[in-house]
Amino acid sequence: SSWERQPRFKLGTPVNVYVADFLVHEADGSTHAEDVKGFQTAGFKKNVRLWKAYGPCPLWILTLAGTHRWDVQIIDGATAPGKDSEHGHHQDTHGH
């Protein structure tokens, strides 16, 4: 897999530009954006709503949940098949 740092995404209109921390290209051909957060601001929550409507791929929001443990919330983009755009998906990872 490979990744790009600080990818920019236009979400709906040219003024709604979201910059994620990473864009990850997996070996299986799938792609997702990643953002590491200490906490979610009101501005970020607005970006999540826009991502659900216009995002080109899943957005993984990583929050440190303890020593060597990450909470991952996956927000499906607009093009995701069978998306769960209301609540996203949650999973725990160890040592991401």
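What percentage of the 96 residues in the protein is buried? Buried residues come to 34% of them. Keep in mind that you're looking at a predicted model.

Now for the layout. There is one helix, along with eight strands, and starting at the N terminus the order reads β-β-β-β-β-α-β-β-β. How about links across the sequence? If you take the contacts with a separation of 6 or more, 37% of them join residues 24 or more positions apart.

Next, the inside. In soluble globular proteins, nonpolar side chains tend to be buried together. Here the largest nonpolar core has 14 residues, and the ones touching the most other members are Phe9, Tyr18, Ala33, Trp51 and Leu59. Helix 1 (42-54) and strand 6 (59-66) each put in at least two residues of this core, with helix 1 giving the most, at four.

How far should you trust what you see? The mean pLDDT of the protein is 84, and 82% of its residues reach 70 or more. Confidence is highest in strand 4 (residues 22-25), at a mean of 97, and lowest in strand 8 (residues 89-94), at 45. Over residues 82-96 the pLDDT is below 50, though this stretch still has 36 contacts in the model beyond near neighbours in sequence. Where pLDDT is low, the predicted coordinates should not be read in detail.

Most residues other than glycine have a negative phi. Gln6 isn't a glycine, yet its phi is positive, at about 55 degrees. You'll find Gln6 in the loop between strand 1 (2-5) and strand 2 (8-10), where it is partly exposed with a relative accessible area of 45%. His68 is not a glycine either, and has a positive phi of about 60 degrees. His68 sits in the loop between strand 6 and strand 7 (69-75), and its relative accessibility of 64% makes it exposed.

Conventions:
Residues numbered from 1 in each chain as written. Predicted model: local features only at pLDDT ≥ 70, side-chain atom pairs only at ≥ 80, totals over all residues. Heavy atoms only, no water. Buried < 20%, exposed > 50% of the residue type's maximum accessible area, 1.4 Å probe, protein only. Contact = heavy atoms within 4.5 Å. Core = buried A, V, L, I, M, F, W, Y, C linked by side-chain atoms within 4.5 Å. pLDDT = per-residue confidence, 0-100.
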